[in-house]
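Biologist: I would like to learn how to read salt bridges and strands in a model. Could you walk me through them?

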Amino acid sequence: MLKIFTTQLNGIFKSISDDEFTIEDAARLLAQAAISDGNIYIHGFKDMQGVLFQALEGDEAIPHCKPLYVNDELAKLSPVDRIILVSHHSHDEDALSLAHQLAQDYIPFIALSSIVDDEKEGLQNLADVHINLKLKRGLVPTETGERVGFPSLIVALYSLYTINLTLKELLEELD
């Protein structure tokens with residue numbers, strides 16, 4: 001089971017890293033806030049809140065990054081701010097509600113989520129940049145036919161690292 005899980009997870013990592021242009025677009029969008037008077041805000045829905053701690057407090061925290069919500073209150077945003085939204089699925093109702101609000105207020109944002117149904121409206125339709133986490137089900141089949149091992153937070157953190165490393169590279173070039 002562990003070999004299957006690891007192989008499948010490595011395949012997802014490779015697939016995300018192969019999408020270099022989208023990762024660069026995300027980093028460029030964040031760089032706009034980092035080099036201006038803007039802030040980078042981040043929010044994870046449900047258990048994807050785990051990305052906040054890494055982005056804000058990790059050894060390689062994202063520069064100029066703040067939580068989007070403090071005491072359940074949305075930060076005061078301006079058009080020079082940039083947002084990172086992280087959700088399991090691109091059609092999460094809470095994520096879509098916030099995405100609609102950001103789009104209406106002309107606040108550029110990045111979304112990290114899995115596209116489960118292309119035909120449903122999703123974050124990929126609203127975000128300025130969308131990183132597809134590519135997790136539709138568990139990675140490991142069991143003997144009973146179900147699938148287990150749904151590493152959404154691991155994949156979101158990996159995606160966040162790819163963006164942050166690219167952002168740091170961009171900012172170093174600007175110095």
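This is a predicted model: local features need pLDDT of at least 70, side-chain atom pairs count only at pLDDT 80 or more; totals for chains, interfaces and linings use all residues.

Biologist: Where do E24 and R28 lie?

Modeller: Both sit in helix α2 (residues 20–34), 4 residues apart, which is about one turn of the helix. E24 is partly exposed, at 26% relative accessible area, and R28 is partly exposed too, at 42%.

Biologist: Which salt bridge do R28 and D25 make?

Modeller: Their side chains meet at 3.2 Å, N to O. R28 and D25 are again both in helix α2, this time 3 residues apart, about one turn of the helix. D25 has a relative accessible area of 39%, so D25 counts as partly exposed. Salt bridges with shared partners join E24, D25 and R28 into one network.

Biologist: How many salt bridges does a search of the whole structure find?

Modeller: The search finds 4. Another one of them is between the side chains of K46 and D92, at 2.7 Å from N to O. K46 lies in the loop between β1 (40–44) and α3 (50–57), while D92 lies in the loop between β5 (82–89) and α4 (93–104), so this pair ties together parts that are 46 residues apart in sequence.

Biologist: Is D92 buried or exposed?

Modeller: D92 is buried, with 13% relative accessible area, where the cut-off for buried is under 20%. K46, at 53%, counts as exposed, since exposed means over 50%.

Biologist: Now for strands. How should I read the two sides of one?

Modeller: In a regular strand, side chains alternate between the two faces of the sheet. Take strand β6 (residues 109–114): F109, A111 and S113 are on one side, with I110, L112 and S114 on the other, and all are buried. That is 6 of its 6 residues.

Biologist: Which strands are joined to β6 by bridges?

Modeller: β5 is joined to β6 by 5 bridges, and the two run parallel. Within that pairing, I83 has F109 in β6 as its bridge partner. The chain goes from β5 through α4 to β6, a β-α-β crossover that is right-handed. Strand β7 (residues 129–132) is also parallel to β6, with 4 bridges between them. There, I110 stands opposite V129 of β7.

Biologist: Thanks, I'll look for β6 between those partners in the viewer, starting from the pairs I83 with F109 and I110 with V129.

Terms used. Residues are numbered from 1 along each chain as its sequence is written. Side-chain values use heavy atoms; hydrogens and water are left out. Buried means under 20% relative accessible area, exposed over 50%, partly exposed in between (1.4 Å probe, protein chains only). Two strands pair if DSSP finds at least two bridges between them. A crossover is right-handed if, with the strands pointing away from the viewer, the path from the first strand over the helix to the second runs clockwise.
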